[in-house]
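This briefing is intended for a reader meeting the structure for the first time. It begins with one residue and its surroundings and then turns to wider topics.

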Amino acid sequence: MCVRIHAGTCCSCVLGLCCSLALATQGVEALAEMVATNTTLTRLNVAKNSLRAHGFELLLPAIRYNIGLRSLSLAMNCKSTDGMLFVSRALKSTRTLRKIDLRSNPLGDLGAQMVASALRSNRSLTHLNIRNTSLDLKV
C-alpha cells in the first residue's frame, strides 16, 4: 500500500510491505523497479518477508537510483549472513538513506566488517538498527 502525504508542494510516498508476505522473485523484481524509479518514495518497510540474500541482491541495488528514500527496514528477512554483502554495497552507493533497520538478521563478524567498511564512505546514514543480529561484540 502506498500512502501519499501532501504538504504544500511536498509529496512523499510510504510503502509498507511487512509481515510475512514472502515475496516471490517476480515480486521483488517488480518492487526493485518501482524503488529505482519512484522519486517520491521516502520510506520502505519490507520487514518479515523472507527476502533472504537473493531478495537483498535483487532489491538493494535499486536504492542507488532512488533520490528520495530516507528510511529502509529490512528487519527479520535473512537466515544467514550472506545478505550483508548486498547491504554493504547499497550503503556504499546511496547518498540519501538516513535510517536502515537490519534488526534480527544474522550479521556475524564478517557482515559487521562489511557494513562498517560501507559506513566509512557513507555520509548520509544517521540511524543503524542492528539489534538481535548475532553480532559477537568483543570488549
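In this predicted model, Ser71 touches Thr42, Arg43, Leu44, Leu97 and Lys99, leaving aside residues up to four places away in sequence. Ser71 belongs to strand β4, which covers residues 71–73. The residue counts as buried because its relative accessible area is 17%, under the 20% cut-off.

**Overall organisation**

- The protein chain contains four helices and six strands.
- Along the sequence, these elements follow the pattern β-β-α-β-α-β-α-β-α-β.
- The chain has 139 residues, of which 42% count as buried.
- Among contacts in the chain with a separation of 6 or more, 79% come from residues 24 or more positions apart.

**The nonpolar core**

- The largest nonpolar core comprises 33 residues.
- Within this core, the residues with the most contacts are Leu44, Phe56, Leu59, Leu74, Val87 and Ile100.
- Two or more core residues are supplied by each of β2 (10–16), α1 (25–37), β3 (41–45), α2, α3 and α4.
- Helix α3 gives the most to the core, with five residues.
- Leu59, one of the core residues with the most contacts, touches Val28, Leu31, Ala32, Val35, Val46, Leu51 and Leu74, again not counting residues up to four places away in sequence.

**Helix α3 and its partners**

- Helix α3 (residues 84–93) and helix α4 (residues 108–121) have axes that come within 8 Å and cross at roughly 5°. The two helices are therefore roughly parallel, since that term applies to angles under 35 degrees.
- On the α3 side, the contact is formed by Met84, Leu85, Val87, Ser88, Leu91 and Lys92.
- On the α4 side, Gly111, Met114, Val115, Ser117, Ala118, Leu119 and Ser121 take part.
- Sorted by class, the contact of α3 with α4 has eight nonpolar, four polar and one charged residues.
- The buried residues of α3 are Met84, Phe86, Val87, Ser88, Ala90 and Leu91.
- These buried α3 residues pack against α2 (52–59), β5 (99–101) and α4.

**The salt bridge**

- How many salt bridges does the structure hold? The structure holds one.
- The salt bridge joins the side chains of Asp101 and Arg103, with an N to O distance of 2.5 Å.
- Arg103 is partly exposed, because its relative accessible area is 26%, which lies between the 20% and 50% limits.

**Residues with positive phi**

- Ser50 has a phi near 50°, a positive value in a residue other than glycine.
- Ser50 lies in the loop between β3 and α2, and its relative accessibility of 37% makes it partly exposed.
- Asn132 also is not a glycine, and its phi is positive at about 55°.
- Asn132 is located in the segment after β6 (127–129). Asn132 counts as exposed because its relative accessible area is 62%, over the 50% cut-off.

Conventions. Residues numbered from 1 in each chain as written. Predicted model: local features only at pLDDT ≥ 70, side-chain atom pairs only at ≥ 80, totals over all residues. Heavy atoms only, no water. Buried < 20%, exposed > 50% of the residue type's maximum accessible area, 1.4 Å probe, protein only. Contact = heavy atoms within 4.5 Å. Axes fitted to C-alpha atoms, helices over the stretch in contact; angles between N-to-C directions. Parallel < 35°, antiparallel > 145°, perpendicular 65-115°, else oblique. Nonpolar A, V, L, I, M, F, W, Y, C, P; charged D, E, K, R; others polar. Salt bridge = Lys/Arg side-chain N within 4 Å of Asp/Glu carboxyl O. Core = buried A, V, L, I, M, F, W, Y, C linked by side-chain atoms within 4.5 Å.
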